[in-house]
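This report describes selected helices, their packing and several individual residues in a single protein model. The sequence and structure are shown first.

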Amino acid sequence: MITILDDTFSELNAYLESNKPSKIIFLTDENTHEHCLPFLLSNVTTEVPYEVIEIEPGEELKTIDTATQLWEILSDFEADRKTLMINLGGGVITDLGGFVASTYKRGVSFINIPTTLLAMCDAAIGGKNGIDHQFLKNIVGTFANAEQIFIYPGFLETLPYTDLRSGFAEMLKHGLIADRKHWEDLTAISELRPENIAPFIERSTEIKQEIVQQDFKEQNIRKTLNFGHTIGHALESLFLKSGRPIPHGEAIAIGMICETRLSYLNKLITEEVSDEIIKQIKKYFPLHDISSFKTKEILHLMTNDKKNSLGEISFSLIDGIGSSCHDQRVSDDEITEVLTFYNNMTA
């Protein structure tokens with residue numbers, strides 16, 4: 001269940017009162033520990049004892065080594081199976097915290113309180129929890145739903161602009177794959193500011209939730225949520241490996257540009273529609289130079305993506321603004337063509 005919180009946090013307090021965990025573990029990173037945790041704790045009225053775990057921020061920490069350290073800390077805190085883990089942070093914290101909670105003692109309850117736009121609209125929702133390994137995104141993980149997701153839009157005020165923009169990419173994706181009006185509402189925003197974006201968060205969460213409820217284990221329609229991610233995740237991994245990571249949303253923006261063009265090459269949309277979508281994405285996102293990455297490297301990472309099978313790359317593409325399809329097979333030549341198309345835009 002997803003709940004939008006007001007300043008009283010009354011729904012969160014009601015949840016804690018009715019569920020009575022034995023202990024609460026707050027997982028934060030340095031940023032949310034400083035900017036969000038004090039406000040949260042000042043509004044939580046429970047008398048349940050709690051501990052706070054703080055890790056360094058960044059995708060680089062979403063690894064098995066960090067997970068191992070967290071399992072050990074939970075054990076040191078004598079966390080039992082009635083312990084509640086509260087993941088307070090962005091996508092890294094909710095992905096990692098959900099993974100640790102769903103595996104510790106075969107699973108303890110956890111709730112997500114996302115603090116970034118990316119987590120509010122996407123990462124914290126849907127029951128996917130995971131870690132990266134050998135620069136492969138979310139290659140190890142679990143399907144396990146948070147008990148609750150509490151969204152407090154006020155936390156957006158703590159974000160740097162690049163983080164706000166990163167989350168906006170996932171919102172645009174939701175519009176492209178499922179709701180033309182949502183896309184049109186979002187692309188009418190002239191300036192990415194918390195107060196301009198906040199009114200549309202709930203619709204993005206609804207789109208994701210509606211799709212996930214139809215296909216929790218991602219056998220069919222949930223695959224459409226991967227639009228922009230097949231190429232985007234491969235490039236994100238290469239940027240990370242090169243020591244110059246870029247925000248997740250910026251990688252997904254590259255992926256959406258390339259996969260929109262792929263949709264055109266596969267005659268799912270017209271070139272005019274493709275050009276209009278790409279124009280709107282470019283309005284908000286910088287173009288990154290990917291010319292140093294070899295096409296062979298990109299193809300290898302896409303082949304190893306967890307969504308593929310039998311060595312074939314599977315794409316989710318769009319067949320209109322607000323409409324999508326999944327399990328689309330495309331040739332290596334077409335992938336090379338769209339990467340060249342993107343490189344030409346940055347030249």
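In this predicted model, helix 5 (residues 91-103) comprises 13 residues and extends 18 Å from its first C-alpha to its last, close to the 18 Å expected at 1.5 Å a residue. Because 12 of the 13 residues of helix 5 are buried, this helix is largely enclosed by the rest of the structure. The buried positions include Gly-91, Val-92, Ile-93, Leu-96, Phe-99 and Val-100. Asp-95 is also among the buried residues of helix 5.

Directly after helix 5, Lys-105 adopts a positive phi of about 50°. Arg-106, in the loop between helix 5 and strand 5 (109-114), likewise has a positive phi, near 65°. Arg-106 is exposed, with a relative accessible area of 79%. Most residues other than glycine have a negative phi. A further positive value, about 55°, occurs at Asp-327, which is not a glycine. Asp-327 belongs to strand 10 (residues 323-329) and is partly exposed, at 34% relative accessibility.

Two helix pairs are considered next. Packed helices are described by the angle between their axes and the distance between the axes.

| Helix pair | Axes come within | Crossing angle |
|---|---|---|
| Helix 7 (residues 161-178) and helix 8 (residues 180-187) | 6 Å | roughly 145° |
| Helix 11 (residues 229-241) and helix 14 (residues 295-303) | 9 Å | roughly 115° |

For helix 7 and helix 8, whose axes cross at roughly 145°, the contact is formed by Phe-168, Met-171, Leu-172, His-174, Gly-175, Leu-176 and Ala-178 of helix 7 with Arg-180, His-182, Trp-183, Leu-186 and Thr-187 of helix 8. By class, the residues of this contact are seven nonpolar, four polar and one charged.

The crossing of helix 11 and helix 14 is right-handed. Helix 11 contributes Thr-230, Ile-231, Ala-234, Leu-235, Ser-237 and Leu-238, which meet Glu-297, Ile-298, Leu-301 and Met-302 of helix 14. The contact of helix 11 with helix 14 has seven nonpolar, two polar and one charged residues.

Tyr-284 is located in helix 13 (residues 271-284). Is this residue, Tyr-284, buried or exposed? Tyr-284 counts as buried because its relative accessibility is 7%, and buried means under 20%. Beyond residues up to four places away in sequence, Tyr-284 touches Arg-165, Phe-168, Leu-172, Leu-186, Thr-187, Ala-188, Ile-189 and Leu-192. Among these, Phe-168, Leu-172, Leu-186 and Thr-187 also take part in the contact between helix 7 and helix 8. The side chain of Tyr-284 reaches two backbone oxygens: that of Leu-186 at 3.2 Å and that of Thr-187 at 3.1 Å. The C-alpha atoms of Tyr-284 and Ser-190 are separated by 9.2 Å, although the two residues lie 94 residues apart along the chain.

Glu-250 is part of helix 12 (residues 248-265). With a relative accessible area of 5%, Glu-250 is buried. Its side chain is joined to that of His-288 by a polar contact of 2.6 Å. Leaving aside neighbours within four places in sequence, Glu-250 is in contact with Arg-165, Ser-166, Phe-285, Pro-286 and His-288.

How values were computed
Residues are numbered from 1 along each chain as its sequence is written. This is a predicted model: local features need pLDDT of at least 70, side-chain atom pairs count only at pLDDT 80 or more; totals for chains, interfaces and linings use all residues. Side-chain values use heavy atoms; hydrogens and water are left out. Axes are lines fitted to C-alpha atoms, for helices over the stretch in contact, and angles run from 0 to 180 degrees between N-to-C directions. Helices (H or I, at least four residues) and strands (E, at least two) are DSSP runs, numbered from the N terminus. A crossing is left-handed if the near helix is turned anticlockwise from the far one by less than a right angle, and right-handed if clockwise. Contact means heavy atoms within 4.5 Å. Ala, Val, Leu, Ile, Met, Phe, Trp, Tyr, Cys and Pro count as nonpolar, Asp, Glu, Lys and Arg as charged, and the others, Gly among them, as polar. Buried means under 20% relative accessible area, exposed over 50%, partly exposed in between (1.4 Å probe, protein chains only). A polar contact is a pair of N or O atoms within 3.5 Å; within protein, one must be able to donate a hydrogen and the other to accept it, and residues adjacent in sequence count only if both atoms are side-chain atoms. The expected span of a helix is 1.5 Å times one less than its number of residues.
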